[in-house]
Amino acid sequence: QHPTVAEIVIGSYTLFGENHGKPAYKKDTLVKGVQVLLYYWDARDGPIFSGWWFGPKVGGDEVWAHNPDAAAPAPPRNGWKVPCNGPVDPTFAVAPREQLAMMHGRQPQGRGQKGGTGNMIREVQQARYSELEEKKRQIEENRRRVTEARLQALVAERQRRADEERRRHEELCRMQEQLRLRQEQERLEQERRILEGKAMMSIRRTIQKVRIATVDNFDEALKELEDVMGAELQFCTELPAQQVQDEARQCVEGTRARVDAIREQRRKEQEARDRFAREQAEREAKAREMVLELQRRLAEADAACQALKDAAAALDAVQKPVREEAEDALQAAAESEATVRERVKACADFMVDNQAAMKTILPDPGLYAREVALKAAVERRRKELEAQALAQAAANAAAQGLPPPVVEPPAEAVAPEEPKEKDNRTLLGELLIALSATKEAAVAASDSLPALRERVMKRVVATEKTSDLEATFARYDRDKDGVLNRVEVSAYARGEFKYSIPRQALDKILDSLSQDSRGGVPADSMVLLKCAVGISRQVEIGEHLKKIRLEREKELRDFREKLLRDIRFVANEVEAADASMAKVEAQVNPLGRMVKNLGVSEMFAVAERAGQVVQDAGRPVKAAVKAVEGIILDFEEGIRDDLREIYKNDAIAKKMEIRAGRLNLRIARAENLLDRFRADAARKEALVVKELNEAALAILRYNKHKKAKSSEEFFDEVDVDGSGGIDIEDFLKFFARADRSVRVKTLKKKRPAARAKVQAQPLKLEVAKAEHEPEAAGGGDAKEPGATPDDEEEAYEPMKLPALDEAALRLLFPKLLPTGADELSRDAFVNLVMLRYVVLQKTTLTDRLGTEGRQTVAALEESDVVEVIEGPVRDVGSGTWRVRARDVKDGAVGWATVRSNAGSTFLKEGGLVFRIVKETILTDCFDPSEKLEGSCEPKKLKVGEVLDVLEGPRKENTTGLTRLRARRRADGSEGWVTLRGNQGAVFARAVVS
């Protein structure tokens with residue numbers, strides 16, 4: 001149907017190859033010199049480009065028709081879009097030549113055809129050809145008209161562009177002339193600015209010279225500035241000229257001030273230098289005097305030190321000193337030592353005290369060290385040269401057989417003589433070195449005195465002993481023949497050593513010590529005689545000790561046999577104790593696994609039986625361990641050390657020691673397991689008691705509320721016998737007749753039909769009976785504190801209570817009693833059934849429920865406790881929940897806010913448990929200043945300890961303290977504790993869930 005495409009693509013095609021795996025065809029004739037191709041293209045460029053195409057080039061951008069059937073193996077017959085982006089042309093068909101020949105009425109050769117059908121086909125073809133020719137003519141005509149219109153538009157556009165170009169040229173010439181004039185003006189202005197800039201630069205350069213001028217060249221720079229400004233200001237306009245004149249004036253004023261200040265400073269510095277020179281001269285003179293004083297003191301210290309050395313040398317030279325003379329000399333040496341120490345200390349103290357004053361003349365650090373090193377090097381070199389000269393001369397003399405000559409050192413190695421007059425610096429340095437040397441000499445002399453004293457006293461003792469021996473010899477030498485004979489030696493041994501020397505030993509002594517034919521012991525052998533007598537006596541003592549040792553060894557063998565028998569006996573006891581311990585472990589090891597499966601009473605019974613078993617087994621175990629420890633202790637003190645060695649090396653004893661040590665650990669472990677089991681039983685009992693306590697308290701409060709009685713009236717009802725106290729029998733009788741159908745209140749979503757007018761009505765207590773449930777119309781708006789949404793309503797559900805049988809009540813009742821009591825007093829019962837709220841945030845008690853016109857009755861502080869009398873009630877005006885309550889500490893009654901309309905909670909149920917937040921004490925009396933006779937000292941309560949309330953809190957009017965009576969959970973002790981001080985300090989806070 002598209003005439004242009006039809007003119008191009010209609011015709012016969014011949015296979016000429018393939019593309020993307022499928023055949024490609026080429027038209028048999030060219031169309032206006034362009035070939036027409038029919039080919040296939042796959043989806044490599046996208047699904048929209050796949051299919052069969054007519055175009056002048058395979059894969060080219062110019063195409064005439066498209067068939068998207070990519071699955072066809074050959075060009076499809078129908079479904080061609082002509083043009084490629086147009087709709088499907090139903091008249092466009094592609095088929096092999098045979099099929100087209102049959103479609104147009106031609107038959108293959110050998111077959112006949114009817115003439116009427118052939119004519120009709122030719123007419124159709126002729127009509128179609130004529131139609132195509134007409135369309136072709138129209139297309140050519142349209143194309144001609146378009147070409148003419150384009151030519152006319154092109155001529156008009158060229159004329160418009162020529163006019164525009166002419167106008168643009170004229171405008172450009174005008175703008176160029178204006179630009180030339182403006183550039184000329186700018187050039188003249190630029191030249192003027194350059195001259196002005198150079199003038200200002202010259203002036204400012206001179207100003208800078210003035211600014212940095214010194215005292216010496218300030219006047220010259222000032223004159224140069226005046227000359228430059230007179231020559232250059234004519235090139236400056238008014239404003240720059242005024243600006244640069246202001247800069248010059250400011251610079252001159254500032255520089256003149258600076259120069260004047262520098263001149264003044266120089267004058268002051270010169271005065272300071274003069275003053276410092278005078279002071280320095282005075283300090284140097286004073287330092288000179290101090291150096292001379294130090295020199296004098298140092299000379300005295302040197303003299304004392306030399307005197308000490310001389311005294312010590314003279315004393316050390318005496319070979320046989322007398323005690324009195326030696327002690328006097330040593331005392332004098334000690335006094336000399338003290339004098340030396342005192343004078344050396346005086347020099348050091350003088351140096352320390354006057355160090356600051358003498359710093360003015362102290363030498364350069366290392367100066368004196370260098371001088372000393374130089375002198376030492378010169379002296380060392382002199383000695384080396386002298387030694388070399390002596391060695392050379394000695395060698396020459398030896399070669400010639402002459403005595404060695406004395407060779408003088410070379411003159412160049414001798415150090416120059418020091419000047420007699422030394423300056424302060426040199427003199428002080430030498431004095432410091434001399435002071436150090438004096439200190440060393442004094443310390444050396446002082447250190448040598450103890451050794452000197454020891455040597456002298458040894459000589460004194462030796463002299464005295466020698467004199468004693470000579471006196472002893474003279475006393476026993478009765479015949480005065482100069483030697484001690486046999487009888488005299490025996491008398492010497494008896495008289496001096498209380499020892500009768502045996503004949504054989506006496507003969508041996510005389511044979512060894514006699515020196516001549518007289519056969520006696522001379523006086524110079526008295527020391528040897530004394531040693532020989534001592535040796536003889538020690539030999540005799542050794543024989544005696546040997547006899548004693550042999551007897552002891554025999555006794556030790558007997559004790560060893562007894563020790564081994566005791567070890568076997570005790571080992572049997574240990575084995576029996578080990579067997580008993582095995583039975584104990586079989587009893588206590590499973591206790592940990594029994595905790596979950598046993599009840600409280602069963603656990604206590606099991607603990608009692610196990611405790612008896614541990615106790616029964618503990619006695620033989622402890623006896624066996626004690627027997628092991630006492631095996632050695634049963635013997636005498638003198639023999640124990642020897643028996644311990646035997647005990648340590650015995651195999652049975654080693655094994656017994658190990659088993660006994662394990663017995664101690666095993667019995668301790670068994671006791672520990674039993675204690676843990678008892679603790680688990682106690683914890684389990686505490687949980688049971690807590691559950692029973694909550695249930696009993698719920699029943700008590702419910703029955704109290706049901707009968708609308710006060711706490712005191714309710715106490716009288718429970719106290720059946722009217723004894724003034726509730727004992728276990730009264731407790732059991734009450735619970736036997738008490739109503740236990742306790743129901744707890746919950747909040748549920750209100751049904752739409754149940755909405756009613758909101759009224760302020762008191763809430764029921766936490767528990768209520770079924771027949772007392774509020775109806776939807778009357779009490780549907782009474783909610784727990786915090787249930788503020790109006791689409792909730794309260795409902796009552798049965799409370800799940802544990803079985804409160806007689807055994808459970810008998811277990812619970814003692815836990816409710818105060819320490820030492822056997823019945824509940826009125827105060828204790830009232831405190832038990834009281835419904836308490838704890839103050840979480842500061843609030844007030846007011847005289848009425850609503851906000852309009854209400855007055856404050858009392859202030860409530862944090863952790864205060866109130867007793868609920870009525871409520872909670874919702875205040876319709878403010879939307880808050882409030883209760884009518886009594887302040888426990890002072891008895892004030894009023895309305896308090898439980899929960900605000902914004903959701904803030906001020907009160908919460910609790911007040912029976914407090915925790916210490918600041919260290920305080922537990923006292924016996926309500927008044928902390930009072931003290932009961934015979935009572936103990938107050939107990940300290942540490943931070944974190946927990947207290948159970950027994951009474952209060954109450955405010956003490958005299959001191960202003962808020963106190964309560966409580967039981968300490970740590971040890972069960974009871975007493976009064978301060979909650980809040982009179983200055984607001986908080987010591988304990990209520991524990992709320």
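## The largest nonpolar core

Of the 40 residues in the largest nonpolar core, those that touch the most other members are L563, I567, V588, I631, Y647, M656 and F677. A nonpolar core is a set of buried Ala, Val, Leu, Ile, Met, Phe, Trp, Tyr and Cys residues joined through side-chain atoms within 4.5 Å. Buried means under 20% relative accessible area, exposed means over 50%, and partly exposed lies in between, with a 1.4 Å probe and protein chains only. At least two residues of this core come from each of helix 12, helix 14 (600-629), helix 15 and helix 16 (651-706). Helix 12 gives the most to the core, with eleven residues. Helices (H or I, at least four residues) and strands (E, at least two) are DSSP runs, numbered from the N terminus.

Y647 touches L563, I567, V628, I631, I632, A653, M656 and E657, when residues up to four places away in sequence are not counted. Contact here means heavy atoms within 4.5 Å. A second, separate core has 30 residues, including Y702, F734, A828 and L832. In soluble globular proteins, nonpolar side chains tend to be buried together.

## Basis of the model

This is a predicted model, in which local features need pLDDT of at least 70 and side-chain atom pairs count only at pLDDT 80 or more, while totals for chains, interfaces and linings use all residues. Residues are numbered from 1 along each chain as its sequence is written, and side-chain values use heavy atoms, with hydrogens and water left out.

The protein has 21 helices and 24 strands. Of its 993 residues, 34% count as buried. Among contacts between residues at least 6 apart in sequence, 60% join residues at least 24 apart.

## Helix 12 and helix 15

Helix 12 (residues 526-588) packs against helix 15 (residues 640-649) at an angle of about 45°, and their axes are 10 Å apart. Helix 12 is therefore oblique to helix 15. Axes are lines fitted to C-alpha atoms, for helices over the stretch in contact, and angles run from 0 to 180 degrees between N-to-C directions. Angles under 35 degrees count as roughly parallel, over 145 as roughly antiparallel, 65 to 115 as roughly perpendicular and the rest as oblique.

The crossing of these two helices is right-handed. A crossing is left-handed if the near helix is turned anticlockwise from the far one by less than a right angle, and right-handed if clockwise. Helix 12 makes the contact through R552, L556, F559, R560, L563 and I567, and helix 15 through D642, L643, I646 and Y647. By class, this contact has seven nonpolar, no polar and three charged residues. Ala, Val, Leu, Ile, Met, Phe, Trp, Tyr, Cys and Pro count as nonpolar, Asp, Glu, Lys and Arg as charged, and the others, Gly among them, as polar.

## Helix 5 and helix 6

Another pair is formed by helix 5 (residues 238-317) and helix 6 (residues 323-353), which pack at an angle of about 160° with their axes 9 Å apart. Helix 5 is therefore roughly antiparallel to helix 6. Helix 5 passes helix 6 in a left-handed crossing. The contact of helix 5 with helix 6 has 17 nonpolar, two polar and five charged residues.

## Individual residues in helices and strands

Q612 is found in helix 14. Q612 counts as partly exposed because its relative accessibility is 38%. Q612 and V584 are 28 residues apart along the chain, and their C-alpha atoms are separated by 9.8 Å.

N67 has its place in strand 5. N67 is buried, since its relative accessible area is 3%. Apart from neighbours within four places in sequence, N67 is in contact with S50, G51, W52, P76, N78, G79 and W80. The C-alpha atoms of N67 and N78, eleven residues apart along the chain, are separated by 8.3 Å.

## Backbone features in loops

V82 and P83 are joined by a cis peptide bond, with omega about -5°. P83 lies in the loop between strand 5 (65-67) and helix 2 (97-103).

K498 is a residue other than glycine with a positive phi, near 55°. K498 is found in the loop between helix 10 (486-497) and helix 11 (503-513), and K498 is exposed, with a relative accessible area of 72%. S863, also a residue other than glycine, has a positive phi near 75°. S863 is found in the loop between strand 13 (856-860) and strand 14 (865-874), and S863 is buried, with a relative accessible area of 8%.
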